Amino acid sequence: MRHLRLFPDDTAIPFMRWRKFSFLFSGILSVLCFVAYFTFGMNTGIDFQGGTLMEIQTKAGPADLGDIRQKMNGLGLGEVQVQSFGAPENVLLRIVRQPGGDAEQVAVVGKVQAVFGDTVEYRRTEVVGPRVSGELAQNGIIGVLLALAGIMVYVWFRFEWQYSLGAVIATLHDIVLTIGLFAVLQLEFNLSSIAAILTIIGYSLNDTVVVYDRIREMRRKYKRMPLPAMLDLAINQTLTRTTNTALTTLIALLALYVFGGEVIRSFTFAMLFGVIVGTYSSIFIAAPVLIFLDPQLAGDKSEDEGEEAKAAPAKA
Amino acid sequence: MLYFSRWKVTAILLTIVVGLLVLVPNFLTADQLQKNWPNWLPGRQIVLGLDLQGGVYLLYEVDTADYQAKRLKGLENDVRIAMRQDPRIGYTGLTVSNGAVQLRVRDADKFAEAKKRLDGLVNPLSNALLGGTAVSEFQVEDAGEGLYRMSFTEEGLSQRLGKVVDQSIEVIRRRVDELGTTEPSIQRQSISRILVEAPGEKDPARLKDIIGRTAQLTFHLVDVNANLEDAVKGVLPPGTMLLNSRDTPPRPYVVEEAPLLTGEDLTDAQEAFQSQTNEPVVSFRLSTGGSRKFAQVTTENVNRPFAIVLDDEVISAPVIREPITQGSGQISGNFTVESANDLAVLLRAGALPARLGVVEERTVGPGLGADSIAAGQRAAVIGVVGVVVFMLASYGLFGLFANVALMVNIVLIFAVLTLLQATLTLPGIAGIVLTMGMAVDSNVLIYERIREEQRLGRSAITAIDTGFQRAFGTIVDANITTLIAAGVLFQLGSGPVRGFAVTLTVGILTTMFTAITFTRLVIAVWVRRTRPTAVPL
């Protein structure tokens, strides 16, 4: 039986030769992400902003969004977002943070319930007070930084500092792009988005470490091979693994995205994107960045690539 | 690498059998579990998070300012009493201001004595943490010329607040238990916060009302001679205060500031029906000390009204018809059966030592929870089928091995979650599905290595052996990075996010276990049986 193989066994794709393009491409994308971040801003959910979110389900037929919007505006609660959510009966209400303290936020739920009474089912209610939301945002940022630091230390111990730095650069790249995605599409950024980002960090690093592991092995084996050639060899050797694992993970995530329900849709969407970006970055960012980080790591003829890179595997 | 000692094989198989046994109760109903499942077998089920079974998550914070104000008011009273002791010390301007009780002693001769009496009020608190060194709750500040200020010490205040939170947790637990909510969880969160999680609770408003009420019950004599109009404008006879009734519109009452009785004098409270009108009331019993006091007061004040006050609201103000000496009484005041019951619950459970405010509230209806479980299950099954098909197509027989390992992995994940009694949340299900996708990574790593070794011309057995050896280090390194991220998620996350971190962590650990032991065992058995000359990869 012939097995499905995405790549032939002896790929010699000159990834390093493309590094200028990939750096340029990623650089431009990252800048665009920053621009998007500062122009559109993040659509921060109530977790980080404070306020109220309610999911209601109308009992008598599909929801009349216009009518609900009108009723909500009648409450004088400031900006209220009314949007359908999955099934036509389901409506998501987002009410901005009320002036005042925690008690004012909590009071909103009662007001909304007074308007709709028993005509709807209250599927979900979330109220976050102003102080808690600030803490949640702070914890989120600290968490991402802590994870980065922890990983940096681990990679440093297991490899060398160049790898550690390279891994962090690649990971930061993934974070920036994911945040850019949130800004461009105005996906709601909440606690689960932080969870998604941390998972992306984990996945992307998992990938990067596998490639690095092979690079380290190659270095021990072929002490004289120029670095770019060695990196190409390592990536090519791990290519099937990298793509196969990305594919199984994407299959699982796609199932979650399509069938997992509305509540976690933006969460799984972010992770789908993150797995793709993470796979890309371990090949096109994490590995080639090593060339720049330390010429010594590269051996004597490090700065040259091109012909030699192609010839190297054969020589070895 | 392909040799397994007998005890190792036994251990691996035993782990899987134990995993299956731990898992089975999850498929049984509570009833079946009780009747048909032998009780010497593990009988626990996975704990579903609030987002999956519906329920209420409430984060409360102790109103520190309110507590301080109350405590200082009490201290002011103590200071007054101390100065009036024989021999009396003359003072002026006894007030609470800027977080301190202050007063000016008039007579210079008495400064030393006054300071001594104030020092007697600093209230040393035992400090178990610091090995018995006492901390004073208050400090006395001598501003000169007879002006004294008493304020909280930092340690004293934080220790007090700690106790307030502990006490509040106790009171909340009693109240929630009385409501019959199933398995509520009430925990301290940070210094001044309390987290209440009530799974399955359908009426968050009532729960909030019950928990949030301070429920400070007091009885006060009503000052019938006071002029109500003046009182509303703020002119009150000394030693009295103005309270409103619960009615709409509220009725004002002028009552004596010092309470006759407080909730602490109560030993029991029950909802009942008044015999004549059949109206719901709350009946209460008093402690021995309380009934003695109550008997004395009611004897002295026949025909005067007294106010029953709950959290600064007058519930009712009955007139004392005759001395009440048997140590029990009734509170009436337009109750419904439910509100009478709620008040009785509150009185039985005792008062909160300070006001609590909700700072975060998350409620999930049971309908949404059920939908989420269904969606999660559907996604999980479809995801697993997709991964299984992909692995079969890519690796054939070895793909089948990987798929068997994946199933074992799923069994172990759920078994560990059941054993740990970790809470399964919707993001937790997402974590498991994600792990499913990533779980085969170890197999992919191993298989690709074996292929490489084989292509280098090694024999089947050597290729398999080196493949496992080489992949092992990579698997560990790659997974530890994900573990670090999951660990951070667990530390900073709350509720569902934490559930995600737990399942991700468990998933990574079981994946490493199955890849390193189970897959290897299966392949070793296959090698021994078939003696292959080439690995079909």
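Two strands are taken to pair if DSSP finds at least two bridges between them. Helices (H or I, at least four residues) and strands (E, at least two) are DSSP runs, numbered from the N terminus.

## Basis of the report

This is a predicted model, in which local features need pLDDT of at least 70 and side-chain atom pairs count only at pLDDT 80 or more, while totals for chains, interfaces and linings use all residues. Residues are numbered from 1 along each chain as its sequence is written, chains are lettered from A and ligands numbered from 1 in the order in which they are written, and side-chain values use heavy atoms, with hydrogens and water left out.

## Sheets of chain B

Strands β15, β16 and β19 of chain B form an open sheet of three strands in the order β15-β16-β19, with antiparallel pairing. Its edge strands are β15 (266-273) and β19 (328-331), each of which pairs on one side only. Neighbouring strands of this sheet are turned by 25° against each other on average, direction ignored. Axes here are lines fitted to C-alpha atoms, for helices over the stretch in contact, and angles run from 0 to 180 degrees between N-to-C directions. β15(B) is joined to β16 (residues 280-286) of chain B by seven bridges, and B:Ala272 stands opposite B:Val281 in β16(B). Helix α10 (residues 337-349) of chain B packs on the sheet and touches β15, β16 and β19 of chain B, contact meaning heavy atoms within 4.5 Å. The direction of α10 makes about 170° with that of β15(B).

An open sheet of six strands in chain B has the order β13-β12-β18-β17-β11-β14 and mixed pairing. β13 (252-256) and β14 (261-262) stand at the edges with a single partner strand each, so one side of each is left without a neighbour in the sheet. Within chain B, β17 (residues 306-310) and β18 (residues 313-316) run antiparallel and are joined by three bridges; B:Ile308 stands opposite B:Ser316 in β18(B).

## Hairpins and backbone features

In chain B, five bridges join β9 (residues 185-189) to β10 (residues 193-199), and the two run antiparallel. B:Gln189 has B:Arg193 in β10(B) as its bridge partner. Three residues lie between the strands of this hairpin, and B:Ser190 takes a positive phi near 55°. In chain A, β3 (residues 80-85) and β4(A) pair in the antiparallel sense over six bridges, with A:Arg94 in β4(A) as the bridge partner of A:Gln81. That hairpin has one residue between the strands, and A:Gly86 takes a positive phi near 75°. β4 (residues 87-95) of chain A is also joined to β2 (residues 51-58) of chain A by six bridges, again antiparallel, and A:Gln57 stands opposite A:Asn90 in β4(A).

A cis peptide bond joins B:Asp86 and B:Pro87, with omega about -10°. B:Pro87 lies in the loop between α4 (64-84) and β3 (91-97) of chain B. A:Gln186 is not a glycine, although it has a positive phi of about 55°; A:Gln186 lies in the loop between α6 (161-185) and β6 (188-189) of chain A.

## Interface of chains A and B

In chain A, 68 residues are in contact with 65 residues of chain B. The area buried between the chains (accessible area, 1.4 Å probe, that two parts lose on being put together, summed over both) is about 5,700 Å², and carbon and sulfur atoms give 62% of that area. On the side of chain A, A:Arg123, A:Tyr154 and A:Phe259 lose the most area to chain B, together 11% of what that side buries.

There are 22 residue pairs in polar contact across the interface, both residues being at pLDDT 80 or more. A polar contact is a pair of N or O atoms within 3.5 Å; within protein, one must be able to donate a hydrogen and the other to accept it, and residues adjacent in sequence count only if both atoms are side-chain atoms. The elements that give two or more residues to the side of chain A touching chain B are α4 (102-116), β5 (120-128), α5 (130-158), α7 (191-221), α8 (227-259) and α9 (265-293) of chain A. α7(A) gives the most, with 15 residues.

## Strand pairing and salt bridges between chains

β5(A) and β20 (residues 356-364) of chain B run antiparallel and are joined by five bridges. The bridge partner of A:Thr125 in β20(B) is B:Thr363.

A salt bridge is a side-chain nitrogen of Lys or Arg within 4 Å of a carboxyl oxygen of Asp or Glu. One salt bridge is formed by B:Asp441 and A:Arg241, with the closest N and O atoms 2.5 Å apart. The side chains of A:Asp47 and B:Arg362 also meet in a salt bridge (2.8 Å, N to O). A:Asp47 lies in helix α2 (residues 46-49) of chain A and B:Arg362 in strand β20 of chain B, so the pair joins two chains.
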